Amino acid sequence: MINNINIMKRKPLFSFFLLIISFSLHTFPPLSALTIISSTQPLSGDQTLVSKDGNFELGFFNIGNSSNYYIGMWYKKISTRTYVWVANRDYPVSDKTSSKLVISDGNLVLLDQSKNLVWSTNLSSTSSNSVVAVLLDTGNLILSNRPHASASQALWHSFDFPTDTWLPGAKLKLDKITNKTQHLTAWKNSEDPATGLFSLKLDPNGTNSYLIFWNNTQQYWTSGSWNGQIFVMVPIMWSNNVFNFAFVSNDNESYFTFSLQNNSTISRFVMDVSGQVKQFTWLESTQQWNLFWSQPRGQCQVYAFCGAFGSCNEISKPYCNCLNGYEPKLQSGWDLGDYSNGCVKTNKFQCELSSDPSSGAKDRFLTKVNLALPEQARRVVEAGLREECESTCLSNCSCTAYAFNSSGCFIWRGEFLNLQQLSEDDRNGQTLFLKLAASEFHDSKSNNGTTIGIAGVAVGGIMILLALVLILVIRRRKILTGARTSVEGSLIAFAYRDLQNATKNFSVKLGGGGFGSVFKGILPDSSVIAVKKLESISQGEKQFRTEVSTIGTVQHVNLVRLRGFCSEGDKRLLVYDYMPNGSLDSNLFKNSKVLHWKVRFEIALGIARGLAYLHEKYFGLAKLVGRDFSRVLTTIRGTLGYLAPEWISGVAITAKADVYSYGKVLFELVSGRRNSDPYKDGQVSFFPTLAANILHQGKNVISLLDSRLEGDGDVEEITRVIKVASWCVQDAETDRPSMGQVVQILEGVLDVDLPPIPRLFLAFVDDHEDSIFVTKSNSTHSTHQDTF
Ligand SMILES: *[C@@H]1O[C@H](CO)[C@@H](O)[C@H](O)[C@H]1NC(C)=O
């Protein structure tokens, strides 16, 4: 009743209304929690409807300071507010206290402050005033004739009208009679639940696959068809002990549904604003949503993600940038990760300004390299030379770009989508000639600006001089005092000279690999550091600093702490705390003291947790991070033996390359030797292949354990480690688990099937080895590839 009095002071009228409700509800302790909504019991203001066991809660919500209010449903027991359903996503109300959700004529309706109908369950059946709305503990809001109805007695289910989230038990149906499909449609952006562009639904053509569409028209992803156990493009679904999957197809409908084997697990699928479908599982221990899987894997595989004239870049954030000469059409959208509005030209083409194209300056072309070219090009047959191709584009005012290659001349008219910036070493990269307004090229051709130009140069010169003097003074000070500049939180920007001194001119080498060597050093405060000199880092100073600051914010018990960095000229160095125990490498292979199995298992789990933390919280932020992950963790040598095939094949590197390397490390933890080392008896056998074979043949895995341990190890743990390691080193990235899953498998939360032997390993299989097995794993691969 104390609550009542407080409310009363603020809004007398409203609280009078609440008071009435609270009397009728006095048996339920929290004033604002309703168990039903009926014709006499509406929901308004801060009241919520709560499910019986308190799993879910429904009520008005807004995001940030927005005055758009929605009726939404969220998890009541989860600390991170997560909306699973929104009733009026495209029709917000502006005042929650005078709007209400109530039963009217047998329907659940949302009325705004002026009593206008904003949203309704739209049932046409007999209107009955005994109808009530109840929220079930599954997250299904139902309408029924009785307050304690079950889902099967419902007249209406919110499960039939999903927003962006698919909860266990819900079906995403294709009605074969009406040919209607239920969609999951992403929010417009992270702060706006309005209908977005990306939606997931069952293929209306009955192929038993789920598809993702852009703007309901353009399909850009498929789950592959249901093969009885999994969707063939989603191998991660292979049997596990967390989910039960079912696909039902009969004359009336087909649908897929999933349930959890353990009811205390909280999991959801969501059609994300990124255009990817994602599955999350709630981790109580970290109070976070753990990403289980997401598809399509690459952000740039999402159709039109960066909008018109946007350039998508998989390897650095933000993923989207406007092409030169263009700027975001709607900056507010870009700020929220909604790039769909794309970019617009900053300056008009000369041909758009002047009726006589021969007068004044001409539009020109900017050469952009390493691109995946946009779609919808027109091929110009007559242009046999690049110059002809260029003049075709120049003479056509609507032409925005052209490309000229061995297949001929291609021009783009007006807006184009899906341009992707590839990495420098991508062999599929092509060149685009982008038309730009003459005014975009700041050269000396125009005469009007000369005076301003000279004045500008003079002022600029002075500024540069001043800056130089300042830098020199600061440098000098730094050298004198040995002080280091602190930037971005706790990270230190070291001077190269300081690191040279600390490492005695890089004299004590701790290790080396493909990406740089690591040296031991001692700072003036006598703390011991490991300094890594990065080789072949081609990025600019600013980018490097941003990326380093990203790693710097990563703090995890299983990660080596990054203390700072140095970026001077073309020198790029990372400074870590020194690990007195030495690297895993030296402990495992060189020490005379043998690591006990329990210690190895803890190491395996520790690295997995560290990587999972990095991947799920920080991956995708930076190329540097991506290429440097393994190094961040340990000083394991970056030799070929640990590298995933995609490093060699040149496709984009993702977190799954780390998973691969991690898998290789796991094998070595078990065997206590390098994967490619021959056995003492001289028999050459590639350990991962051997391990996979022993698993498949059902032999005792103890035989795989480091012989120095004399069989002293936990068979179940070893089996888990070998299984997960074999999945990690699969050739196809999509077959590899995420690090989050690895942790779960190692912890025994998640179980996995026997993995196929990776194709690249087959090269190592002796002739006498099981040939059925070889064929089987090959065919697994062709299935996956065919459907890509
Ligand atoms: C989506 O499609 C509708 C018509 O179907 C069209 O009006 C709208 O402009 C499209 N949206 C975008 C972003 O292209």
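A disulfide is a pair of cysteine sulfur atoms within 2.5 Å. The model shown here is predicted, and a search of the whole structure finds 5 disulfides.

**Figure 1. The disulfide between C300 and C312 is left-handed.** The two sulfur atoms are 2.2 Å apart. The torsion about the S-S bond is about -90°, so the disulfide formed by C300 and C312 is left-handed. C300 sits in the loop between β24 (288-295) and β25 (310-313), and C312 is part of strand β25, so the bond ties together parts 12 residues apart in sequence. Buried means under 20% relative accessible area. C300, at 12%, is buried, and C312, at 5%, also counts as buried.

**Figure 2. A disulfide joins C306 to C320.** The S to S distance is 2.0 Å. With a torsion about the S-S bond of about -80°, the disulfide of C306 and C320 is left-handed. C306 lies in the loop between β24 and β25, while C320 belongs to strand β26 (residues 320-322); the pair links distant parts of the chain, 14 residues apart. Both C306 and C320 are buried.

**Figure 3. The disulfide between C389 and C409 is right-handed.** Its sulfur atoms are 2.1 Å apart. Here the torsion about the S-S bond is about 85°, so the disulfide of C389 and C409 is right-handed. C389 is in helix α5 (residues 386-395) and C409 is in strand β32 (residues 408-413), so a helix and a strand are tied together by cysteines 20 residues apart in sequence. Both C389 and C409 are buried.

**Figure 4. Two further cysteines, C566 and C728, are shown for their burial.** C566 has a relative accessible area of 0% and is buried. For C728 the relative accessible area is 0%, and this residue is buried.

**Figure 5. Helix α13 is largely enclosed by the rest of the structure.** The helix covers residues 655-671. At 1.5 Å a residue, its 17 residues should span 24 Å; the end C-alpha atoms are 25 Å apart, which agrees. Of the 17 residues of α13, 17 are buried, so the helix is largely enclosed by the rest of the structure. After α13 comes G672, whose phi is positive, near 70°.

**Figure 6. The largest nonpolar core has 128 residues.** The members that touch the most other members are L58, L141, W166, L200, Y662 and L746. Helix α10 (residues 597-618) gives the most to this core, contributing 8 residues. Not counting residues up to four places away in sequence, L58 touches residues including L43, L49, I71, M73, W74, W85, L101, L135 and L141. The contacts of L58 also include Q47, T48 and G72.

**Figure 7. Four strands form an open antiparallel sheet.** The order of the strands is β16-β17-β18-β19. β16 (184-189) and β19 (218-222) stand at the edges, each with a single partner strand, so one side of each is left without a neighbour in the sheet. From one strand to the next the twist averages 35°. Strands β17 (residues 192-202) and β18 (residues 210-214) run antiparallel and are joined by 5 bridges. L202 stands opposite Y210 in β18.

Technical notes: Residues are numbered from 1 along each chain as its sequence is written. This is a predicted model: local features need pLDDT of at least 70, side-chain atom pairs count only at pLDDT 80 or more; totals for chains, interfaces and linings use all residues. Side-chain values use heavy atoms; hydrogens and water are left out. Helices (H or I, at least four residues) and strands (E, at least two) are DSSP runs, numbered from the N terminus. Buried means under 20% relative accessible area, exposed over 50%, partly exposed in between (1.4 Å probe, protein chains only). The expected span of a helix is 1.5 Å times one less than its number of residues. A nonpolar core is a set of buried Ala, Val, Leu, Ile, Met, Phe, Trp, Tyr and Cys residues joined through side-chain atoms within 4.5 Å. Contact means heavy atoms within 4.5 Å. Two strands pair if DSSP finds at least two bridges between them. Axes are lines fitted to C-alpha atoms, for helices over the stretch in contact, and angles run from 0 to 180 degrees between N-to-C directions.
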